[in-house]
Amino acid sequence: MHSSVKTDFDIVIVGGGMIGVSMALAISSLNLRIAVIEKVRREHQSQPSFDDRSTALSRSSQSMFTALGVWDQIHDASMPIKSIHVSDQGRFGFSHITAEEQEVEALGYVVINRVLGDVLLGNAKKKSNIHFFCPAEITSVESQEDYCNVKFKSQDSKNSISSQLLIAADGANSDIRDFLGIGMKQINYDQVAIIGNLLTEKPIASRAFERFLESGSIALLPINKGRAAFIWIIPTKDAENLMSAPENIFLSAIQEVFGLRLGIFSSLGERVSYPLALTEAQRLYSRRSVIIGNAANSLHPVAAQGFNLGLRDVATLADCIYKETLKNKTDLGNSNLLFEYSEWRQHDHKKLKFFTDGLVRLFGSQRKSVRILRNAGMMYFDLIPGFRKLFIKHTMGLTGRLPSLSRGIAFK
Ligand SMILES: Cc1cc2nc3c(=O)[nH]c(=O)nc-3n(C[C@H](O)[C@H](O)[C@H](O)COP(=O)(O)OP(=O)(O)OC[C@H]3O[C@@H](n4cnc5c(N)ncnc54)[C@H](O)[C@@H]3O)c2cc1C
């Protein structure tokens, strides 16, 4: 690659979580020198990305991991979703979406974040052109006309590295976003997600369940050893009691909202809670720097789309970088590239924010007009033209103009 700018690395990625490591892998075949700076070690209990949550991967995410050559490993560690059962507590009717009806092998796959971390980091660490700095604490970010400079403390030394492009993948509370002076908007949902796993009396098999509640929702997803992962979204005021409730009390509470469709629940695993907010960066780039994943948008998990959306950021940015590397004279931090990435992502971001936020509001709403709609028994879902189709398309990550990696096409 012929670059007019001399830097320590071509690209520096801050944040080596689910999205940052995926980004490094996505561009690792492009003969670039890549640095990943991560605050918390993978093995550490407090690692916030590769934790005990389960992630439902969409079709477009599966295609991307296939193009990156890591899908077989993820597939072996995940459970397929062959059908999704959507219902609304206390109301008749439900909707049932099947892989068969969509003519696909699976609607998505469920993988535990820690396990996904093993696969992604395991592969990234084998690449000689990806250099990890971890644990590391960023102390300053400087963006100049020709290069970016990041200073950080790592072990006992102080480091300073320059690059053509800085990618911020440091999550919803992004420090880099602040260093770059990019503002953000936040809507606090006053809700908490309690996650964990349990045993169901009737096998969950390859089925996913989403049940909207009077004040939140509950999702059950298939994971290994016949267990089910749950994501129970509740008002913040109820979280403390439920988190500290003894196992039998918690199990009867969750049973009560989910019902007996899967028989009696037992054998509760560890519970962890996450406060929920919609965080939205006011722009996606600044001089020689760009933001992706949760640093750009952090969504309510009701539709299980945050990581899938972030992966499409990765695939899109990788496409823009790939095109630049084909030129005779490259500059990976040039403003045209950053603008193209930003423009390309607007539509998908807006649509998913509207969709997930809309679901939260529709089901959380006490307004009479909305209640009439809900009382008709999932009427919104099957009868409102296009709504069901839209839900399926979002679930599979197949909306809008998809970049090459999201279509399963690897860079040559
Ligand atoms: C309960 C719950 C369930 C979810 N389920 C799904 C699902 O089923 N499907 C789905 O698609 N999405 C799901 N999501 C969303 C998904 O978890 C996020 O979109 C995803 O974790 C975003 O990854 P990220 O790498 O951008 O950010 P994060 O996961 O937050 O990772 C950020 C990384 O940056 C590091 N970091 C932070 N600050 C710094 C710094 N200053 N310097 C260096 N490193 C730093 C952190 O240590 C971390 O490793 C869910 C979210 C929640 C809360």
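Helix H2 (residues 59-67) packs against helix H8 (306-325) with the two axes 9 Å apart and an angle of about 45° between them. Here, axes are lines fitted to C-alpha atoms, for helices over the stretch in contact, and angles run from 0 to 180 degrees between N-to-C directions. H2 is therefore oblique to H8, given that angles under 35 degrees count as roughly parallel, over 145 as roughly antiparallel, 65 to 115 as roughly perpendicular and the rest as oblique. H2 passes H8 in a left-handed crossing; that label applies if the near helix is turned anticlockwise from the far one by less than a right angle, and right-handed applies if clockwise. Helices (H or I, at least four residues) and strands (E, at least two) are DSSP runs, numbered from the N terminus. This is a predicted model, in which local features need pLDDT of at least 70 and side-chain atom pairs count only at pLDDT 80 or more, while totals for chains, interfaces and linings use all residues. Residues are numbered from 1 along each chain as its sequence is written, and side-chain values use heavy atoms, with hydrogens and water left out.

H8 also pairs with H1: their axes come within 9 Å and cross at roughly 30°, so H1 and H8 are roughly parallel to each other. This crossing is right-handed. H1 packs against helix H4 (residues 113-125) too, at an angle of about 30° and with the axes 10 Å apart. That makes H1 roughly parallel to H4, and the crossing of H1 and H4 is left-handed.

Now for the ligand. Of the 31 residues around the ligand, Glu 38, Ser 49, Ala 56, Asn 294 and Phe 307 come nearest; a residue is near if one of its heavy atoms lies within 4 Å. By type, the shell divides into 14 nonpolar, 12 polar and 5 charged residues.

A polar backbone atom of Lys 39 is 3.2 Å from a nitrogen atom of the ligand, and a backbone N or O atom of Gly 306 lies 3.4 Å from a ligand nitrogen. For Met 18, a backbone N or O atom lies 3.5 Å from an oxygen atom of the ligand. The protein covers 93% of the 1,000 Å² of accessible area that the ligand has on its own (Shrake-Rupley method, 1.4 Å probe).

Two loops deserve a mention. The peptide bond from Cys 134 to Pro 135 is cis, with omega near 0°, and Pro 135 sits in the loop between strand E8 (130-133) and strand E9 (136-143). Glu 103, in the loop between strand E6 (94-98) and strand E7 (108-112), has a positive phi of about 55° although it is not a glycine.

Terms used
Polar contact = N/O pair within 3.5 Å; in protein donor to acceptor, adjacent residues only side chain to side chain. Nonpolar A, V, L, I, M, F, W, Y, C, P; charged D, E, K, R; others polar.
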